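Please examine the structure shown below.

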Amino acid sequence: MIGTSGRVGAFVVAAGVTRAVYAALRRQNDPRGRRENHAGRSVDLYAGPATALGTAVAVGSAASRGSSRPEAGGGGAAAFAVLAAAACGAYDDAKGDHRRGLWAHLGALREGEVTSGTVKLVGIGAAGLVAGALLKERPVDKVLAGVVIAGTAHFVNLVDVAPGRAGLTVLGLAAPGLLRGPIAAAPMGAAIAVLADDLGERTMLGDTGAHALGAAVGSAIAAGNGRLGLAVHAAGLIAAAAFGDRVSSLARSPV
């Protein structure tokens, strides 16, 4: 059984890999890896791929150690969700479409425009359903788990509108999952590894990191909850997506 040592191990692995990858990317100093933040300051985007890789390695290592507990055995599904969400987020980061929220992208789609955000939403939604199918046995639970994984990835991205907001949200959402297994420890370790740089406006998670961390948190929630818990989380996340502009506005408020 993976106990406290598994949680600590996942946290340490995620933090260590994230920090190492972030430092390596910063040494390259590629101007293509920079963007203006909310205040017009030039920051790097290296925290995104660094946290995605750190989280994926940590949850994957939890899966390789094995356990009879579903929240530990779901590491493989979580790793897939993290990498898929990161890839979709990276596509949106590269395209530079700054429209936020479900309705903005659906509105563009009605006008015949397929935005990078729409591609991202479809891709992460599909990845969430695949991961949910791997985590749960019954069809209803598979769908609910998929909604939770994709919805949490989307939620973390919605609050990523000011320094540290996404990282702090990840820490708050993932902390209760530490009682159930090691998956939740991975996004916490990765987020903490770059939090000081994020708050100091030297880096930003971008869609790559926000979606990857959110997918990991969603996977932890999905693995550790039964049908009722999944349904409650799914309902809350759907509501957050429907009122995405309001969520982002609240996250932008000073803390």
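This is a predicted model: local features need pLDDT of at least 70, side-chain atom pairs count only at pLDDT 80 or more; totals for chains, interfaces and linings use all residues.

Residues are numbered from 1 along each chain as its sequence is written, and side-chain values use heavy atoms, with hydrogens and water left out.

Q: Why is helix α8 described as largely enclosed by the rest of the structure?
A: Helices are DSSP runs of H or I with at least four residues, numbered from the N terminus. Buried means under 20% relative accessible area, exposed over 50%, and partly exposed in between, with a 1.4 Å probe and protein chains only. In α8, the buried residues are Arg165, Ala166, Gly167, Thr169, Val170, Leu171 and Ala174. Helix α8 (residues 165-174) is largely enclosed because the buried residues number seven of 10.

Q: Which helices do the buried residues of α8 pack against?
A: Contact here means heavy atoms within 4.5 Å. The partners of the buried α8 residues are α7 (139-158), α9 (185-199), α10 (206-224) and α12 (244-252).

Q: How many nonpolar, polar and charged residues form the contact of α7 with α10?
A: The two helices, α7 and α10, pack at about 145° with their axes 7 Å apart; axes are lines fitted to C-alpha atoms over the stretch in contact, and angles run from 0 to 180 degrees between N-to-C directions. Residues meeting there include Val148, Ile149 and Thr152 in α7 and Gly214, Val217 and Ile221 in α10. Ala, Val, Leu, Ile, Met, Phe, Trp, Tyr, Cys and Pro count as nonpolar, Asp, Glu, Lys and Arg as charged, and the others, Gly among them, as polar. The contact of α7 with α10 divides into 10 nonpolar, seven polar and one charged.

Q: Which residue's backbone oxygen lies 2.6 Å from a polar atom of the Thr152 side chain?
A: Thr152 belongs to helix α7 and, at 2% relative accessibility, counts as buried. Beyond four places in sequence, Thr152 touches residues including Leu173, Gly214 and Leu237. The backbone oxygen at 2.6 Å from its side chain belongs to Val148.

Q: What is the C-alpha to C-alpha distance between Tyr22 and Ala50?
A: Tyr22 lies in helix α1 (residues 4-28) and is buried, with a relative accessible area of 1%. Among the residues that Tyr22 touches are Asp44, Ala50 and Val194. Tyr22 and Ala50 are 28 residues apart in sequence, and their C-alpha to C-alpha separation is 5.2 Å.

Conventions
A polar contact is a pair of N or O atoms within 3.5 Å; within protein, one must be able to donate a hydrogen and the other to accept it, and residues adjacent in sequence count only if both atoms are side-chain atoms.
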